[in-house]
Amino acid sequence: MATEAMEGAPSATDEKSFDVKEEKCYCDDETDENVVLQNEREIATHVISVEDDPSLNPWTLRAFFIGIGLSAFGGSLGKQTVLVSLMFLGIVSYTIGFAMETFIPRHGLLRYLNPGPFNKKENAFIIIMSSAAANSALATEVLAVQRLYYNITPNAGSSMFLLFSSQLLGYGIGGLMRGILLYPSKMLYPGVLPLLSMFDALYRDGIEARRRLKVFYFVFTVIFIWEIFPEWVFPLLTGLSIFCLAAPNNAAVSRGLGLLSVCFDWQYISGGVNPMAIPLKAQLSNFIGYILCMVVFVGVFYNNIWESQNFPFLAQLLFYENGTVYNQTLIMNSNYEVDLTLVAEQGLPFYAGTWIINLLSTNLGLAATFTHLLLWNRDDLRAAWTWMNMDTLKSWRANFDWKFWQHSGKREVPVNTEDLDPHYREMLKYPDTPNSWYFLTFVLSFIVGLVVIYKANSTLPCEETLVQMIAGYLHNGRPMANMFFVLYSYNAVTQALLLLRDLKIASMYVPLTGEYPDAKLPPRAAFTAQIIGTLLGAVLNYVLMNSIIDSQREILLSVQGTNIWSGQQPQSYNSQAIAWGGLAHELFSTGQRYQWVPLSYLIGLVAPLPFWIIHRYWPRLRMDYYYTPIICTFIGWLCVGINSSVLSYFTVAFVSQWWLRTRYPRWFMKYNYLVGAALDGGTQVMVFLLSFAVQGAAGTARLFPEWWGANQGGNYDRCLSL
């Protein structure tokens, strides 16, 4: 998410990024076959077609039928380790829609389920609805922590309102900010490009389209069959570690940083974001952060900083000094508040050193973001906030109509459209989702959230709306209160970004060639799909959360988890709530054990300065090519999870975004994102089938018989369990 956000904010001082005058498609012009795309603005205005066919209708019963069905499906799987991706939902929705078009008769009552050819606007509507449902609600982590660590089972009513308010609060914020974070063409959201490329191949006609479709189906089929091996038959392929194979019983080489480990499982290579989609500048900053991460992690551990050698190398739980897991219930009173007398008896808890580096680097990256934007994007920031003047505010007040449901949604087309994002210009023909709709969503969510906080035994005063660290100092000793702080702050930002991503799909739901008219999803259809999907997904998340805790409690409480079930999210959420909410003064204040975690904010504020100064006086060194916030954040990247895919991830990324983009630019523009889509789609479909067929998602696991490549009695990569 951070990567996409940074790519959406190119340097305002980089003339090459903005000196683009004419708009032409680079895909099919033979004279431009050697042109290398340099930045996200060129992709948005030169590669992605802006054609639209307003006659296509997304408001069909078929779209709602498939959308609600896939929302139920995505919301049900959203609590597992394997994510339900946009690509997977896109493929399934296209398959179901095409099947309904083909086999359902167009007469009688069934005609409502088959009003005609299944069109791209219906598909976009379905994808946005089902992806909103598939995004796991952070509120379920709060509820899970209460059940796992506090033995509290909140009632269903307050739990549902907690889910609804926390999920929709961010939607209101994101909708109100879309003029800044969505409409400009530089706000690319590169993670959606493979999806757009896939539907270019699926919906187009002509020789070139059929050729691209053959490539898609070939890659899809190959990876679909291949995934059977790393996922079931030969799981060693998920992480082929040279060190662990050479010395499987040596704890010193079983540290899990992915060095000289090769992953052949696309599920893990592309688990977070497709490496073929993120531009090279962001990938390079990621890679620098990864190298620094290995150096810092190893340095902290082997120098025994913060008593690191007493604890697992990679862990996010709280520990006693002797390395055993900290029993938090022994330091809390009957009101679920930390009792310092009990803390004195038990001793202050410890974190693994690598997890402290993760906290520290996260703070570094957050603080560096502010300075980075002020230094490199000050012109963009100034332009984005031009509406903040008295004349504009007075105009809004004069034109305000409380009858929001009667808003026509008509927008004025600017007189000078030369610098206007062409995708946004095409969207002006549709009635907009008024700001009042998003504002009402925000206000209702805020009010419901206050009521839930008051009624849910959160120990949090309902008037507070601060972030986690500040909350810890203001309400020291209240870990439950801290969890609710994070829920209504961090989660709101996350949901806002997800809403903006989906709206970008709606506005750019077009292919990478401009030969034929295509489809953009009207704003009000996108809004409706997001709200329905979010609410339905929240309900299903709650039901599944309770079911999973009942059946997988011990695994969720374990450090490592399995390849299907993992408790790393509630573990992280709980440990930070105890540390920040319960013991902020004792652990993080100046002079205390982890004082550098909050002090890292100050360091992060000055981290971008050297890069900016060097670029200002020695521009040929291209210090503008590095994103300091990403580098800082990725210093703590490898703190949890399966890290054997890191080397493979960067190999694919550099082959795609450097070698193919610069050496074979025509192939890159026509097939790079399409191949990435096929790899994601084929992998997701097979992983879903195997999850239910053999890996225990349906109840009983049917593991492949043990052999050298399937170490069922330990770690699959044959590294020593720590």
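Helices are DSSP runs of H or I with at least four residues, strands are runs of E with at least two, and both are numbered from the N terminus. This is a predicted model, in which local features need pLDDT of at least 70, side-chain atom pairs count only at pLDDT 80 or more, and totals for chains, interfaces and linings use all residues. Residues are numbered from 1 along each chain as its sequence is written, and side-chain values use heavy atoms, with hydrogens and water left out.

Figure 1. Let us start with the overall picture. Of the 722 residues, 56% count as buried; buried means under 20% relative accessible area, exposed means over 50%, and partly exposed lies in between (1.4 Å probe, protein chains only). Take the contacts (heavy atoms within 4.5 Å) with a separation of 6 or more: 78% of them join residues 24 or more positions apart. The accessible surface comes to about 30900 Å², and 63% of it belongs to carbon and sulfur atoms. Such areas come from the Shrake-Rupley method with a 1.4 Å probe, and for residues only the protein chains shown count as cover.

**Figure 2. Phe287 and Tyr290, an aromatic pair in helix α15.** Rings of Phe, Tyr and Trp (its six-membered ring) pair if their centres lie within 6.5 Å; planes under 30 degrees apart count as stacked, over 60 as edge-to-face and the rest as tilted. By this rule the protein has 41 aromatic pairs. Phe287 and Tyr290 are a tilted one, with 6.4 Å from centre to centre and 50 degrees between the planes. Both belong to helix α15 (residues 280-302), where they are 3 residues apart, about one turn of the helix. Phe287 counts as partly exposed because its relative accessibility is 30%, whereas Tyr290 is buried at 4%. The two also belong to one aromatic cluster together with Phe634, Trp637, Tyr649, Phe650 and Phe654.

**Figure 3. Phe588 and Tyr594, another tilted pair.** Here the ring centres are 6.0 Å apart and the planes make an angle of 40 degrees. Phe588 is buried, with a relative accessible area of 1%, and Tyr594 is buried with a value of 1%.

**Figure 4. Charged side chains over the rings of Tyr625 and Phe350.** A charge sits over a ring if NZ of Lys or CZ of Arg is within 6 Å of the ring centre and within 35 degrees of the ring normal. The charged end of Lys281 is 5.6 Å from the ring centre of Tyr625. Arg593 lies over the face of Phe350, at 3.5 Å from the ring centre.

**Figure 5. A nonpolar surface patch of about 1000 Å².** Patches are made of residues with over 30% relative accessible area and no salt bridge; like charges are joined within 9 Å, and nonpolar side chains (Val, Leu, Ile, Met, Phe, Trp, Tyr) within 5 Å. A salt bridge is a side-chain nitrogen of Lys or Arg within 4 Å of a carboxyl oxygen of Asp or Glu. Among the residues of this patch are Leu366, Phe370, Leu602, Ile613 and Trp618. Helices α17 (353-376), α26 (596-606) and α27 (609-617) each give two or more residues to the patch. Look for Phe370 in helix α17; Phe370 is exposed, with a relative accessible area of 53%.

**Figure 6. Asn304, a loop residue with a positive phi.** Most residues other than glycine have a negative phi. Phi of Asn304, however, is near 55 degrees. Asn304 lies in the loop between α15 and α16 (340-346) and is partly exposed at 30%.
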